Amino acid sequence: MGLISYLKNKWGKKSDNDTKKYSQGLQKSRQNFSSKLKNLSARYKTVNQEYFEELEQILIESDVGISLTLNIIEEVLQRSKQEHISDPEQINEILVDRMFLGYASKGDIQNELSFVEGIPTVLLVVGVNGVGKTTTIAKLAYRYIQKGKKVLLVAGDTFRAGATEQLSIWAERLGIDIVTGASEADPASVAYDGMRKAKESHCDLVIVDTAGRLQTKANLMAELAKIKRVMSKEIADAPQETFLIIDATTGQNGVIQAKAFAEVTNLTGVVITKMDGTSKGGIILAIRDELGVPVRFIGLGEKMDDLTEFDLDKYLYGLCVEDE
């Protein structure tokens, strides 16, 4: 049984709320991918070179990325020859299987944050302006507040006008504390104050915002290194996590951003926002392939609980399985 058939049997008639959220949030991407696969297989009785060329185009248009697309198509083509498979639907099953294995084979996947009793978990959040960083920080805070964690926000983006104010508004709405600094204050000093506050108030989770300016790599590396250095003086091994926020609607530009940040800091995860607003859901596979970093959370809507833990099975179900 191929993965598509497996996912249909698993969730087709008994989808839970989370699976439905994936299905609804990935509707545009599914129309751009699954519907095209279905139409393609309907036009061919047996596969040929033209079929694989069209298959390649579907993957590229879904933002899977050129390099990964070429690798996937080559492997599917070779398997079809070795096993003498010419049925288009079987080829499509093999394609989705390869997409699943390609993501899963990159290493262990742990999405949720880990906590150690008595030691604040520090999450450093990076990303360019405009990707939904502030809102994502609020949604992450909300998620862990719901899990009974004491959360502190640290407004380390002291350069963008309104960044501290926006985060402060969210802190007030969520009923949690926030550490801020003066306009254009040294972000590292604000982060240091945040670590001291976290220890004094016995916080479980500290989420530190950073500037989203498009800087030179050298400047960005120096700034992030300084922030990490001062935080680790107060809390050993801080930050334990560094998340990059990417706007799914930016497509391959998001992959380029991810590669740039990965070169200057040790990313432990990626959060994809606005997935419900794009038809190019393949960006998740492209990021995993290019960076080897897992997508930890995915934004499937505007509500506070629409930032959900990334689940590879549910993602592929939402991307590949059309509503009956």
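The crossing of H4 and H6 is right-handed, where right-handed means that the near helix is turned clockwise from the far one by less than a right angle, and left-handed that it is turned anticlockwise. The model is predicted, so that local features need pLDDT of at least 70 and side-chain atom pairs count only at pLDDT 80 or more, whereas totals for chains, interfaces and linings use all residues. Residues are numbered from 1 along each chain as its sequence is written, and side-chain values use heavy atoms, with hydrogens and water left out.

Contact (heavy atoms within 4.5 Å) is made by Tyr51, Phe52, Leu55 and Leu59 on the H4 side and by Pro88, Ile91, Asn92, Leu95 and Met99 on the H6 side. Sorted by class, this contact of H4 with H6 comprises 8 nonpolar residues, 1 polar residue and no charged ones, with Ala, Val, Leu, Ile, Met, Phe, Trp, Tyr, Cys and Pro counted as nonpolar, Asp, Glu, Lys and Arg as charged, and the others, Gly among them, as polar.

The largest nonpolar core has 104 residues, among which Ile207, Met231 and Tyr315 touch the most other members; such a core is a set of buried Ala, Val, Leu, Ile, Met, Phe, Trp, Tyr and Cys residues joined through side-chain atoms within 4.5 Å, buried being under 20% relative accessible area, exposed over 50%, and partly exposed in between (1.4 Å probe, protein chains only). Leaving aside residues up to four places away in sequence, Met231 touches Val122, Leu124, Ala191, Met195, Val208, Ala238 and Pro239.

Isoleucine 256, by contrast, is exposed because its relative accessible area is 55%.

Methods
Helices (H or I, at least four residues) and strands (E, at least two) are DSSP runs, numbered from the N terminus.
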